[in-house]
Amino acid sequence: QVQLVESGGGLVQAGGSLRLSCAASGSIFSIASIMVMGWYRQAPGKQRELVAVFTSGGSTNYADSVKGRFTLSKGNAKNTVDLQMNSLKPEDTAIYSCNAVLGGSNYWGKGTLVTVSS
């Protein structure tokens, strides 16, 4: 089992930046077995969509809408992934949720709200 806790959401003006962090906790075996980890978001009235993810093959995938603006990285703290979001737009407003895939199961954090004002 893995627990995911997000932090870093908030209100920012268009053009601004925010940094989200996701910390994974659980057994050492579970953490080491995480195959995929990254961020999704769900805007009001829309389906959840992938934002950025580290894949099991070692690559990083980004949604087209965030390429060049968002950067996914391994955090300074152990077992964390950070999402640096620059040049934010009102359409980036959503609940951002951390996701990890382990043993074929999806684990989700509770989510953090990002609001971008125009």
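Me: Which residues touch the most other members in the largest nonpolar core?
Reply: This is a predicted model. Its largest nonpolar core has 31 residues. Leu-4, Met-37, Trp-39, Leu-83, Met-85 and Tyr-96 touch the most other members.

Me: Which strands supply at least two residues of this core?
Reply: Eight names to look up: β1 (2-7), β3 (18-26), β4 (36-42), β5 (49-54), β7 (70-74), β8, β9 and β11 (112-117).

Me: And which one gives the most?
Reply: β9 does, with five residues.

Me: Why would nonpolar side chains sit together at all?
Reply: In soluble globular proteins, nonpolar side chains tend to be buried together.

Me: Back to Tyr-96. What is it in contact with, leaving aside neighbours within four places in sequence?
Reply: Its partners include Leu-20, Trp-39, Val-51, Phe-70, Leu-83, Met-85 and Val-114. Glu-6, Arg-41 and Thr-112 are also among them.

Me: OK, Tyr-40 then. Where is it?
Reply: Tyr-40 is in strand β4.

Me: What does Tyr-40 contact, beyond four places in sequence?
Reply: Among its contacts are Arg-48, Glu-49, Leu-50 and Val-51. Others include Ile-95, Tyr-96, Ser-97 and Trp-108.

Me: How far apart are Tyr-40 and Ser-97?
Reply: In sequence, 57 residues. In space, 5.3 Å from C-alpha to C-alpha.

Me: How much of the contact total comes from residues 24 or more positions apart?
Reply: They account for 52% of the contacts with a separation of 6 or more.

Me: New topic. How many helices and strands are there?
Reply: The protein chain has one helix and eleven strands.

Me: What about the overall size?
Reply: The C-alpha atoms fill a box of roughly 45 × 30 × 25 Å along the principal axes. The radius of gyration is 14 Å. A compact globule of 118 residues would have one near 13 Å, so the two agree.

Me: How many of the 118 residues count as buried?
Reply: 42% of them.

Me: And what does the surface look like?
Reply: The chain exposes about 6,400 Å². Carbon and sulfur atoms supply 51% of that.

Me: Last one: Ser-87. What is its phi?
Reply: Near 50 degrees, a positive value in a residue other than glycine. Ser-87 is in the loop between β8 (80-85) and β9 (94-102). Ser-87 is partly exposed, at 42% relative accessible area.

Conventions:
Residues are numbered from 1 along each chain as its sequence is written. This is a predicted model: local features need pLDDT of at least 70, side-chain atom pairs count only at pLDDT 80 or more; totals for chains, interfaces and linings use all residues. Side-chain values use heavy atoms; hydrogens and water are left out. Helices (H or I, at least four residues) and strands (E, at least two) are DSSP runs, numbered from the N terminus. The radius of gyration is taken over C-alpha atoms; the globule rule is 2.2 Å times the number of residues to the power 0.38. Buried means under 20% relative accessible area, exposed over 50%, partly exposed in between (1.4 Å probe, protein chains only). Contact means heavy atoms within 4.5 Å. Accessible areas come from the Shrake-Rupley method with a 1.4 Å probe; for residues, only the protein chains shown count as cover. A nonpolar core is a set of buried Ala, Val, Leu, Ile, Met, Phe, Trp, Tyr and Cys residues joined through side-chain atoms within 4.5 Å.
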